[in-house]
Amino acid sequence: MKNVVLIPGDGIGAEITNSVTTILEKAGAEINWIKRSAGLKAYEETENPLPEETVEAIEEHRIAFERATDNAGRIRFQICECSSSPKI
């Protein structure tokens with residue numbers, strides 16, 4: 001089983017991310033999701049849009065899955081493999 005840091009996103013991002021993770025699990029992906037926050041929700045909770053615990057989790061597990069919106073407003077997902085250790 002692979003540990004993957006999950007950053008659901010803001011607004012409807014959490015709902016969409018929940019659907020995508022359910023689909024991956026039903027498809028047989030063996031993933032242990034480690035939920036962390038970033039963005040507006042994180043800022044409202046911690047006054048930091050990228051909390052240290054999120055950075056530490058990504059550095060530890062070296063892979064993150066996030067929901068993002070591009071400049072055209074389209075929702076997309078990214079899997080980021082971290083091969084170096086500079087702060088994100």
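This passage walks through the fold of one protein chain, from its overall layout down to single residues.

The model is a predicted one, in which local features need pLDDT of at least 70 and side-chain atom pairs count only at pLDDT 80 or more, while totals for chains, interfaces and linings use all residues. Residues are numbered from 1 along each chain as its sequence is written, and side-chain values use heavy atoms, with hydrogens and water left out.

The protein chain contains three helices and four strands; helices (H or I, at least four residues) and strands (E, at least two) are DSSP runs, numbered from the N terminus. Along the sequence these elements follow the pattern β-α-β-α-α-β-β. A right-handed β-α-β unit is built from strand 1, helix 1 (residues 13-26) and strand 2. Right-handed here means that, with the strands pointing away from the viewer, the path from the first strand over the helix to the second runs clockwise. Strand 1 and strand 2 pair in the parallel sense over five bridges, where pairing requires that DSSP finds at least two bridges between two strands. Within this arrangement, Asn-3 stands opposite Asn-32 in strand 2.

How much of the chain is buried? Of the 88 residues in the protein chain, 28% are buried. Buried means under 20% relative accessible area, exposed over 50%, and partly exposed in between (1.4 Å probe, protein chains only). Contacts, defined as heavy atoms within 4.5 Å, can also be sorted by sequence separation. Among those in the protein chain with a separation of 6 or more, 57% come from residues 24 or more positions apart.

The interior comes next. In soluble globular proteins, nonpolar side chains tend to be buried together. A nonpolar core is a set of buried Ala, Val, Leu, Ile, Met, Phe, Trp, Tyr and Cys residues joined through side-chain atoms within 4.5 Å. The largest such core has six residues: Val-5, Ile-7, Ala-38, Ala-57, Ile-58 and Ala-64. Strand 1 (2-7) and helix 3 (52-61) are the elements that give two or more residues to this core. A second, separate core has five residues, including Val-4, Leu-6, Ile-63 and Phe-65. Ala-57, a member of the largest core, is in contact with Val-5, Arg-36 and Arg-62 when its neighbours within four places in sequence are left aside.

Which residues of helix 3 are buried? They are Thr-54, Val-55, Ala-57, Ile-58 and His-61. These residues lie on the same side of helix 3, because they cover an arc of only 160° around the axis; the arc is that of the directions from the helix axis to the C-beta atoms. An α-helix has 3.6 residues a turn, so residues three or four places apart point the same way. His-61 has a relative accessible area of 17%, and, leaving aside its neighbours within four places in sequence, His-61 is in contact with Asn-3, Val-5 and Ile-34. Thr-54 is one of the contacts of Ser-37, a residue in the loop between strand 2 and helix 2. Ser-37 is itself buried, at a relative accessible area of 16%.

The C-alpha atoms of Ile-63 and Lys-2 are separated by 9.4 Å, although the two are 61 residues apart along the chain.

The structure holds one aromatic pair, formed by Trp-33 and Phe-65, with 5.6 Å centre to centre and 50° between the planes, which makes it tilted. Rings of Phe, Tyr and Trp (its six-membered ring) pair if their centres lie within 6.5 Å; planes under 30 degrees apart count as stacked, over 60 as edge-to-face and the rest as tilted. Trp-33 lies in strand 2 (residues 31-35) and Phe-65 in strand 3, so the pair ties together parts that are 32 residues apart in sequence. Both partners are buried: Trp-33 at 17% relative accessibility and Phe-65 at 6%.

Most residues other than glycine have a negative phi. Glu-47, however, has a positive phi near 65°. Glu-47 sits in the loop between helix 2 (40-46) and helix 3 and is exposed, at 67% relative accessibility.
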